[in-house]
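Subject: Structure for you to look at

Hello,

Please find the structure below. My notes on it follow.

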Amino acid sequence: MAKLYLSNRDSLLCIDLESIALLKAEGNYTRLYYINQHDTLLAYGIGYLFEVLSKMSPGNYHFVRLGRSIIINHTYLQKIDLQKQILELANQGKDKVRISIPKNVLRSYKTTVEKSVVIKKNGHN
């Protein structure tokens, strides 16, 4: 199980990559949301965290940056609702995290995901 270690002058935070659902920018800080719906505020910018996650992520975890302020763990993608502007992440139905995302960002992500899908709505490849 891969771990992310974040250190500052007074503390060391150990984060299991599998438990990360999403990260959301809050000014110069980033709020990390775990798949179990708990969250914590990190004293790191989202750009730095995306760079770190991109370099260290094993094949099991796929972190995707949506716009300037959101990083999601694509592994947990459950639902994209353009009409309600909601992205839902879930782990086998037990835990869910829902977040409101601008429609244009969701539409772009939905299109990207659809391009990678083998089976389309009409049943043809």
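What percentage of the 125 residues of the protein count as buried? The figure is 34%. Please keep in mind that this is a predicted model, and that every value here is computed from it.

Overall make-up

The protein has 10 strands and two helices. Read from the N terminus, the order of elements is β-β-β-β-β-α-β-β-β-β-β-α. Of the contacts between residues at least 6 apart in sequence, 37% join residues at least 24 apart. The accessible surface is about 8,000 Å², and carbon and sulfur atoms account for 48% of that area.

Salt bridges

Side chains of opposite charge can pair when their charged atoms come close. Searching the whole structure gives seven salt bridges. Three of them are described here, with the accessibility of each partner.

- Arg9 and Asp10 form a salt bridge, with 3.2 Å between the closest N and O atoms. Arg9 has a relative accessible area of 77% and is exposed. Asp10, at 62%, is exposed because its value is over 50%.

- Arg31 and Asp39 are joined by a salt bridge with an N to O distance of 2.7 Å. Arg31 has a relative accessible area of 19%, so it falls under the 20% limit and is buried. Asp39 is partly exposed, at 39% relative accessibility. This pair also belongs to a network of salt bridges that links Glu26, Arg31 and Asp39.

- Glu88 and Lys96 form a salt bridge in which the closest N and O atoms are 3.7 Å apart. That distance qualifies because the cut-off is 4 Å. Glu88 is buried, at 10% relative accessibility, whereas Lys96 is partly exposed, at 38%.

Aromatic pair

The search of the whole structure returns one aromatic pair. The pair consists of Tyr44 and Tyr48, whose ring centres are 5.6 Å apart. Their planes lie at 20°, so the pair counts as stacked, the limit for that being 30 degrees. Tyr44 is buried, with 17% relative accessibility, and Tyr48 is partly exposed, with a relative accessible area of 44%.

Regards

Key. Residues are numbered from 1 along each chain as its sequence is written. This is a predicted model: local features need pLDDT of at least 70, side-chain atom pairs count only at pLDDT 80 or more; totals for chains, interfaces and linings use all residues. Side-chain values use heavy atoms; hydrogens and water are left out. A salt bridge is a side-chain nitrogen of Lys or Arg within 4 Å of a carboxyl oxygen of Asp or Glu. Buried means under 20% relative accessible area, exposed over 50%, partly exposed in between (1.4 Å probe, protein chains only). Rings of Phe, Tyr and Trp (its six-membered ring) pair if their centres lie within 6.5 Å; planes under 30 degrees apart count as stacked, over 60 as edge-to-face and the rest as tilted. Helices (H or I, at least four residues) and strands (E, at least two) are DSSP runs, numbered from the N terminus. Contact means heavy atoms within 4.5 Å. Accessible areas come from the Shrake-Rupley method with a 1.4 Å probe; for residues, only the protein chains shown count as cover.
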